[in-house]
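I have kept to what can be followed residue by residue alongside the coordinates.

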Amino acid sequence: VAATDGHTLVSFPMTCETTFAHAQRVWPRSYVEQQAKVAAATKMPVTLDYTALDNEAAFPPARQVIPARGIKTLKHGIGVNADYLGRLSLVAKACETSKTNGVELSGAAGELDPIRFDVCGKEGQTATVVIMPMRL
């Protein structure tokens, strides 16, 4: 299950018992961000309604753009929009990581390749966040 706006992506395993063929549709980032804020404030799991799936957006399969785990040695730094990094905080709070809201930088292959962060919650929730880099 994934949400994206084309610059960032959050992916997490389904925890419901319903089978649903969503044909690569995703939830808009703004909707998931809103639901993550609600979950963080109420200390409840993130709830996403299937009716909020974006029927217009066309993105490649999420698994295709999520980089593998591993950090390559880079000759140059990776440019990242600071606002996109701020979205990690919402995911960490929604997953109830800990008092520090720590996340793991778990994948970076090149200066212009997607950057992967893994978030593990104290109750076993997991999420993968992908941020697209930017030219500086």
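The points below go from the whole chain to single elements and then to two individual residues.

1. This is a predicted model, and the remarks that follow should be read with that in mind. The protein chain has three helices and seven strands, and from the N terminus on its elements run in the order β-β-β-α-α-β-α-β-β-β.

2. On the chain as a whole, 35% of the 136 residues count as buried, while the accessible surface comes to about 8,500 Å², with 55% of that area belonging to carbon and sulfur atoms. Among contacts with a separation of 6 or more, 64% are between residues 24 or more positions apart.

3. The buried residues in helix 1 are Tyr 31, Val 32, Gln 35, Ala 36 and Ala 39. Viewed down the helix axis, these buried residues fall within an arc of 135 degrees, so they line one face of helix 1. After helix 1 comes Lys 43, which has a positive phi, near 55 degrees.

4. Helix 3, which covers residues 82-94, has Tyr 84, Arg 87, Leu 88, Leu 90, Val 91, Ala 92 and Ala 94 as its buried residues. The cover over these residues includes helix 1 (29-42) as well as strand 2 (8-11), strand 6 (115-120) and strand 7 (126-131). At the N-terminal end, helix 3 is capped by Asn 81, a side-chain oxygen of which lies 2.7 Å from the backbone nitrogen of Asp 83. Helix 3 is followed by Glu 96, where phi is again positive, near 50 degrees.

5. Strand 2 is covered on both faces, with Thr 8 and Val 10 buried on one side and Leu 9 and Ser 11 buried on the other. Strand 2 pairs with strand 7 in the antiparallel sense over four bridges, and Ser 11 stands opposite Thr 128 of strand 7.

6. Is Arg 116 buried or exposed? Arg 116, which has its place in strand 6, counts as buried because its relative accessible area is 14%, below the 20% cut-off. Its side chain makes a polar contact of 3.2 Å with the side chain of Asp 118. Leaving aside residues up to four places away in sequence, Arg 116 touches Ile 66, Pro 67, Ala 68, Arg 69, Glu 104, Leu 105, Ser 106, Gly 107, Thr 128 and Val 129; Thr 128 is also the residue that stands opposite Ser 11.

7. Val 46 is found in the loop between helix 1 and helix 2 (62-65), and it counts as partly exposed because its relative accessibility is 31%. Although Val 46 and Ala 36 are 10 residues apart in sequence, their C-alpha atoms are 5.8 Å apart in space. With residues up to four places away in sequence not counted, Val 46 touches Gln 35, Ala 36, Ala 39 and Ala 94. Of these, Gln 35, Ala 36 and Ala 39 are among the buried residues of helix 1, and Ala 94 is one of the buried residues of helix 3.

Notes: Residues numbered from 1 in each chain as written. Predicted model: local features only at pLDDT ≥ 70, side-chain atom pairs only at ≥ 80, totals over all residues. Heavy atoms only, no water. Buried < 20%, exposed > 50% of the residue type's maximum accessible area, 1.4 Å probe, protein only. Helix = DSSP H or I, 4+ residues; strand = E, 2+ residues; numbered from the N terminus. Contact = heavy atoms within 4.5 Å. Polar contact = N/O pair within 3.5 Å; in protein donor to acceptor, adjacent residues only side chain to side chain. Pairing = 2+ DSSP bridges. Areas by Shrake-Rupley, 256 points an atom, 1.4 Å probe, with all protein chains shown as cover. Arc of directions from axis to C-beta.
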